Amino acid sequence: MEFKDYYKIMGVARDAKEAGIKQAYRRLARKYHPDVSKEKDAEARFKELGEAYEVLKNPEKRAAYDQLGSGHRPGETFRPPPDWDAGFEFSGGAGGGSEGAAYSEFFETLFGRRGRGGAAQGAFDAGRGEDHHAKVLLDLEASLTGGTRSIGLRVPEVDAEGRLIIKERTLNVQIPQGILAGQTIRLAGQGTRLHNGAAGDLYVEVEFQPHRLYRLDGRDLILELPVAPWEAALGATVQTPTPGGPIDLKIPPGSKAGTKLRVKGRGVPAAPPGDLYVVLQIALPAATDAKARAAYQALAAAAPFDPRARLGV
Amino acid sequence: MTPRNYQVLRGTIVECESLLSLEELSRLCAAEAARIIELVEEGILPAAGGAAGEWRFGGSALRRARTALRLQRDLEINLAGVALALDLLEEIGELRRRLHGTNA
């Protein structure tokens, strides 16, 4: 088991006053809150922070923790002395941890599950097990074509000795075709199962990884389509990928870079389906050989053109 | 994994099933109905219908409510602050999507 330096985690001195600890918590909580933060390890940092605050804000727990001495280094293997907490009465109380927050083994060894607040939150319906919530990051294809994905979940569970453990659990889930970012899949009966057999549900909130071709905007998709200058200028019919397979897309003559073409109903196949927006990009052929250079020169001579006319120079 | 216990779960999209009642939404948020009513009164959650008992929540209400309750609890911000944070988060999310095509 690793020793955790709660003072270091919160960035406060060992003799910090309660007000200073609270201030540090608020500042760091805003920085690492998983709903707000874009830091890579925000969730882990926020949990660690919540745990540190849980101990340091509580005079009894803090005093007990201080008893352990400052000789330990974070990460070092740690075993508490057998009677380390003698004489301390923990009043428990509501914790500030994130939902489903599991405290570290270090915390649980020192303070047990008594210190864990909000564990029974949500158990309003005594006849049914608790619902579980999770978030998952899927590839966009899962929504575009549907299909089965393996979802790895970490579930806090209570073992036979009443200790909280984290169980890894893999579910194969048929992803409903057309699901949008931010929507939630309900998996009936996959929550906590009570002894009488009545189980809660599992709710999985979906987000998508960036896609190779498409950008996602609600139920619409955006595709940047490179076209040749002559295709844009003269008009052309070009092959364009769509989630349902390639189509022939008509480029109107006189198109410019950034021209947006809407392909109705070819977005995310939700109900109703979204649209596909094709944004034209003009790709230039390289002028590396003599023939191509001559063609560019001929164009320059034939079509006088000032691309900077509107810049006033 | 042996093929014998290979099982594929079929789920439904909560937002597409039906509009949620106040009772269902509070159950899904593991919060008391009074907390949800506060969110509606602050304008954080749009509710269609007249009295609280007839409210129906759709679209992003579930995600919005859960985020609002988390922010309120973890950051100890008041409801007006939560409302502002949610609106700004949504706007940032939208800008990020335009930039990268995802929320990531």
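Two residues are taken to be in contact if their C-beta atoms, placed from the backbone, lie within 7 Å. The model is predicted, and local features need pLDDT of at least 70, side-chain atom pairs count only at pLDDT 80 or more, while totals for chains, interfaces and linings use all residues. Residues are numbered from 1 along each chain as its sequence is written, and chains are lettered from A and ligands numbered from 1 in the order in which they are written.

**Exercise 1. Trace the strand pairing of β4(A), both within chain A and towards chain B.**

Step 1. Two strands pair if DSSP finds at least two bridges between them.

Step 2. Within chain A, β4(A) pairs with β5(A) in the antiparallel sense over 4 bridges, and A:Thr184 stands opposite A:Glu205 in β5(A).

Step 3. Towards chain B, β4(A) is joined by 2 bridges to strand β2 (residues 12–13) of chain B, and the two run antiparallel; here A:Ile185 has B:Ile13 as its bridge partner in β2(B).

**Exercise 2. Describe the fold pattern of chain B and locate B:Ala30 and B:Glu76, each with a positive phi although not a glycine.**

Step 1. Chain B has 5 helices and 2 strands, which follow the pattern β-β-α-α-α-α-α along the sequence.

Step 2. A residue is buried if 20 or more other C-beta atoms lie within 10 Å of its own, exposed if 12 or fewer, and partly exposed in between; of the 104 residues of chain B, 29% count as buried.

Step 3. B:Ala30, with a phi of about 50°, lies in the loop between α2 (22–28) and α3 (33–41) of chain B, and is partly exposed because 19 other C-beta atoms lie within 10 Å.

Step 4. B:Glu76 also has a phi of about 50° and sits in the loop between α4 (61–75) and α5 (79–100) of chain B; B:Glu76 is partly exposed, since 13 other C-beta atoms lie within 10 Å.

**Exercise 3. Decide which stretches of chain A call for caution.**

Step 1. pLDDT is the predictor's confidence in each residue, from 0 to 100; the mean for chain A is 82, and 82% of its residues reach 70 or more.

Step 2. Over residues 89–100 of chain A pLDDT stays under 50, and the model has 30 contacts beyond four places in sequence for this stretch. Residues 114–124 of chain A are likewise below 50, with 22 contacts beyond near neighbours in sequence.

Step 3. Where pLDDT is low, the predicted coordinates should not be read in detail.
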